[in-house]
Amino acid sequence: QVQLVESGGGLVQPGGSLRLSCAASGSIFSINDMGWYRQAPGKQRELVASIARFGMTNYADSVKGRFTISRDNAKNTVWLQMNSLEPEDTAVYYCNAVVFRCQACKSVDHWGQGTQVTVSS
């Protein structure tokens, strides 16, 4: 089994910052892409940012220049630094990891339980 545990959400005023963390544990051989998605009420889940194993990053246009994704492969951990937060960033944020449980295994998508981020004055 593989578990993804997220932390760092909360309530913040517009213009403020939050840092989300996600640690993967369990039966892991290696992790390919890791990423953060979000889902606001009444909307579909969308990609916020992703990072490949060797560091290539991808961001949604709406967060470019404000959010930064990073990871530590030795710790199977990914972070999302969110600056200049806007009310439109309010959503449940989910961590995602593409996990190989053995060298010859197929990769499997795993998801965290989600953490609420609310941007409001």
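Val 2 stands opposite Gly 26 in S3, and that pairing is a handy way into this predicted model. Residues are counted from 1 along each chain as its sequence is written, local features need pLDDT of at least 70, side-chain atom pairs count only at pLDDT 80 or more, and totals for chains, interfaces and linings use all residues. Side-chain values rest on heavy atoms, with hydrogens and water left out.

Two strands count as paired if DSSP finds at least two bridges between them. By that rule, S1 and S3 go together in the antiparallel sense over six bridges. They belong to an open sheet of four strands, ordered S1-S3-S8-S7, with antiparallel pairing. Strand S1 (2–7) and S7 sit at the edges, each pairing on one side only. From one strand to the next, the twist averages 15 degrees (axes are lines fitted to C-alpha atoms, for helices over the stretch in contact, and angles run from 0 to 180 degrees between N-to-C directions). In a regular strand, side chains alternate between the two faces of the sheet.

Arg 19 gives a closer look at strand S3 (residues 18–26), where it is placed. At 46% relative accessibility, Arg 19 counts as partly exposed; buried means under 20% relative accessible area, exposed over 50%, and partly exposed in between (1.4 Å probe, protein chains only). Leaving aside neighbours within four places in sequence, Arg 19 is in contact with Ser 7, Gly 8, Trp 79, Leu 80 and Gln 81, contact being heavy atoms within 4.5 Å. The C-alpha atoms of Arg 19 and Thr 115 are separated by 11 Å, although the two residues are 96 apart along the chain.

Next comes the pairing around S4. S4 and S9 run antiparallel over eight bridges, and Ile 31 has Val 99 in S9 as its bridge partner. S4 is also joined to strand S5 (residues 46–51), again antiparallel, by five bridges. There, Tyr 37 stands opposite Leu 47 in S5. The hairpin of S4 and S5 has six residues between the strands, and in it Gly 42 takes a positive phi near 80 degrees.

On to the cysteines. A search of the whole structure turns up two disulfides, a disulfide being a pair of cysteine sulfur atoms within 2.5 Å. One of them joins Cys 22 to Cys 95, with an S to S distance of 2.1 Å. Cys 22 lies in strand S3 and Cys 95 in strand S9, so this pair ties together parts that are 73 residues apart in sequence. Both Cys 22 and Cys 95 are buried. The torsion about their S-S bond is about -80 degrees, so the disulfide is left-handed.

Another disulfide links Cys 102 to Cys 105 (S to S 1.8 Å). Here the torsion about the S-S bond is about 105 degrees, so this disulfide is right-handed. Cys 102 is partly exposed, with a relative accessible area of 28%, and Cys 105 is partly exposed too, at 29%. With the bonded cysteines of the protein numbered in sequence order, the pairing reads 1-2, 3-4.

The structure holds five salt bridges, each being a side-chain nitrogen of Lys or Arg within 4 Å of a carboxyl oxygen of Asp or Glu. In one of them, the side chains of Asp 89 and Arg 38 meet at 3.0 Å, N to O. Asp 89 lies in the loop between strand S8 (77–82) and strand S9 (91–100), while Arg 38 lies in strand S4 (residues 30–39), so the pair ties together parts that are 51 residues apart in sequence. Asp 89 and Arg 38 are both buried.

Asp 89 also forms a salt bridge with Arg 66, at 2.8 Å from N to O. This pair links distant parts of the chain, 23 residues apart: Asp 89 in the loop between S8 and S9, and Arg 66 in the loop between strand S6 (57–59) and strand S7 (67–72). The relative accessible area is 1% for Asp 89, which is buried, and 11% for Arg 66, also buried. Arg 38, Glu 46, Arg 66, Glu 86 and Asp 89 are linked in a network of salt bridges. Lys 64, meanwhile, forms a salt bridge with Asp 61, the closest N and O atoms being 3.1 Å apart. Asp 61 is exposed, with a relative accessible area of 65%.

Terms used. Helices (H or I, at least four residues) and strands (E, at least two) are DSSP runs, numbered from the N terminus.
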